[in-house]
Amino acid sequence: QVYATLAQLMRGTLFPASNVIFAAQNLNPDEVKQAPDPALATDPLASSYGKWTAVENAGLALAEVANLLTLPGRKCSNGLPVPIRNPDWLKFVQGLREAGLAAYKAAQSKNQDNILTAADQMTTACSNCHDKYREKPTLADRCK
């Protein structure tokens with residue numbers, strides 16, 4: 001059973017995880033100071049599982065959430081079903097999965113140049129799907 005709309009899933013998982021990876025392009029995760037109470041930190045980079053571990057986890061989260069994008073029954077914010085039967089949807093989801101795994105491997109290297117490459121792959125994966133299904137003149141046209 002699915003509980004979240006596509007937009008809710010994006011806002012609750014993909015957007016925050018992507019931002020961790022994008023932040024690592026400019027901030028060296030090793031230099032991020034831990035929050036005063038890391039167990040309550042809202043910034044994953046400053047949390048108990050922060051620094052490069054947070055970037056690794058964000059990459060894995062993207063790869064895993066790709067699976068949720070293929071579950072039947074999920075709706076877009078306009079009420080239309082997520083187009084999981086469209087071949088391009090599955091291709092776009094696979095691109096996201098691969099981008100997440102690339103970010104994970106880049107984070108393991110602890111090298112910001114590698115993160116730049118992985119972030120570019122993520123941007124492409126996100127844009128492919130957004131250009132086809134999200135960036136529409138009206139909300140009613142999304143997911144078509």
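Predicted model: local features only at pLDDT ≥ 70, side-chain atom pairs only at ≥ 80, totals over all residues.
P87 is placed in helix α3. With a relative accessibility of 68%, above the 50% cut-off, P87 counts as exposed. Between the C-alpha atoms of P87 and L40, which are 47 residues apart along the chain, the separation is 41 Å.

Further along α3, a set of residues is buried, including D88, W89, F92, V93, L96 and A99. G100, A103, A106 and A107 are also among the buried residues of this helix. An α-helix has 3.6 residues a turn, so residues three or four places apart point the same way.

Aromatic side chains were examined next. A search of the whole structure gives 2 aromatic pairs. In one of them, the ring centres of W89 and Y133 are 5.4 Å apart and the ring planes meet at 75°, so the pair is edge-to-face. Because W89 belongs to helix α3 and Y133 to helix α4, this pair ties together parts that are 44 residues apart in sequence. Both W89 and Y133 are buried. F92 and Y133 also form an edge-to-face aromatic pair, with 6.4 Å from centre to centre and 75° between the planes. Here too the partners lie in helices α3 (F92) and α4 (Y133), so the pair ties together parts 41 residues apart in sequence. F92 has a relative accessible area of 15% and is therefore buried. For Y133 the relative accessible area is 3%, so Y133 is buried. W89, F92 and Y133 make up one aromatic cluster.

The search of the whole structure finds 1 disulfide. This bond joins C76 to C143, with an S to S distance of 1.7 Å. The torsion about the S-S bond is about -90°, so the disulfide of C76 and C143 is left-handed. C76 lies in the loop between α2 and α3, whereas C143 lies in the segment after α4, so the pair ties together parts that are 67 residues apart in sequence. C76, at 4% relative accessibility, counts as buried. C143 is buried as well, with a relative accessible area of 10%.

Two further cysteines, C126 and C129, were considered. The cysteine sulfur closest to that of C126 is in C129, at 8.4 Å, which is too far for a bond; a disulfide requires sulfur atoms within 2.5 Å. C126 has a relative accessible area of 27% and is therefore partly exposed. For C129, the closest cysteine sulfur is in C143, at 8.0 Å, and this distance is also too far for a bond. With 13% relative accessibility, C129 counts as buried.

Terms used. Residues numbered from 1 in each chain as written. Heavy atoms only, no water. Buried < 20%, exposed > 50% of the residue type's maximum accessible area, 1.4 Å probe, protein only. Helix = DSSP H or I, 4+ residues; strand = E, 2+ residues; numbered from the N terminus. Phe/Tyr/Trp six-rings, centres within 6.5 Å; stacked < 30°, edge-to-face > 60°.
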